[in-house]
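Dear colleague,

Please find below the structure that I am handing over to you.

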Amino acid sequence: MKKILLFASGSGSNVENIINHFKHNDFVTVAGVFSNNPNAAVLPKAKAHQIPTFVFNRTELQEGIVLQRINEIQPDLIVLAGFLWKMPETIVQQFPNKIINIHPALLPKYGGKGMYGMNVHQAVLENKEQETGITIHYVNEQYDEGEFIFQQRVNIQECQTSEEIAAKVQALEHEHFPKTIEKLLTPDTSF
Ligand code: GRF
């Protein structure tokens, strides 16, 4: 069985979607949900699916407690699904090409520090972009700079608000994130 370990900081709609996608999969399982935010809505969602959760603070992330917990699980893939803290180098270096992130825009545009959630969609709206999209990429030591795995574009010419853009992007995330994870873990799968 291939194991996915999810990291999330917020509402966890992607986490829930990924959990549901792999629920009846015989080859891939969600082994845990880790969060830096004890109040994150993602935690009750994971618990409702009987997925083990772990909440940590900055010290625990920096000083090896989180790494220890990761090593106990021995994941095949670490998936950042709305995780807002930077992964420490010690963790990134120990899992080369095994940590992926989803970004709600077409990187390299609209990436980097502070570019998360509605900030991204607001910037896209203000720049009057005709299209936006999602980028799924490997995680390296810099924010949003690892090698791209998958991108999908969407036309936003009709969108008047950042909320409308966010809804279009979220639909893309929900459609493509689980499939991309599945492809990485079971490369012979055809879609
Ligand atoms: C998503 O837009 C994802 O691209 C970003 O954080 C958001 C998480 O949303 N990195 P949710 O918590 O999965 O609803």
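Which polar side-chain atom lies 2.3 Å from an oxygen atom of the ligand? It belongs to Glu-173.

Please note that this is a predicted model, in which local features need pLDDT of at least 70 and side-chain atom pairs count only at pLDDT 80 or more, while totals for chains, interfaces and linings use all residues. Residues are numbered from 1 along each chain as its sequence is written, and side-chain values use heavy atoms, with hydrogens and water left out.

On its own the ligand exposes 370 Å², of which the protein buries 82% (accessible areas by the Shrake-Rupley method with a 1.4 Å probe).

Around the ligand, with a heavy atom within 4 Å of it, are Ser-11, Gly-12, Ser-13, Asn-14, Gly-82, Ile-102, Pro-104 and Glu-173. This shell has 2 nonpolar, 5 polar and 1 charged residues, where Ala, Val, Leu, Ile, Met, Phe, Trp, Tyr, Cys and Pro count as nonpolar, Asp, Glu, Lys and Arg as charged, and the others, Gly among them, as polar.

As for the fold, the protein has 7 helices and 7 strands (DSSP runs of H or I with at least four residues, and of E with at least two, numbered from the N terminus). From the N terminus, their order is β-α-β-α-β-α-α-β-α-β-α-β-β-α. The C-alpha trace spans about 45 × 40 × 30 Å along its principal axes.

Two backbone features deserve a remark. Most residues other than glycine have a negative phi, and most peptide bonds are trans. Gln-74, in the loop between α4 (65-73) and β4 (77-80), has a positive phi of about 55 degrees. The peptide bond from Leu-107 to Pro-108 is cis, with omega near 10 degrees; Pro-108 lies in the loop between β5 (99-103) and α6 (117-126).

Conventions
Polar contact = N/O pair within 3.5 Å; in protein donor to acceptor, adjacent residues only side chain to side chain.
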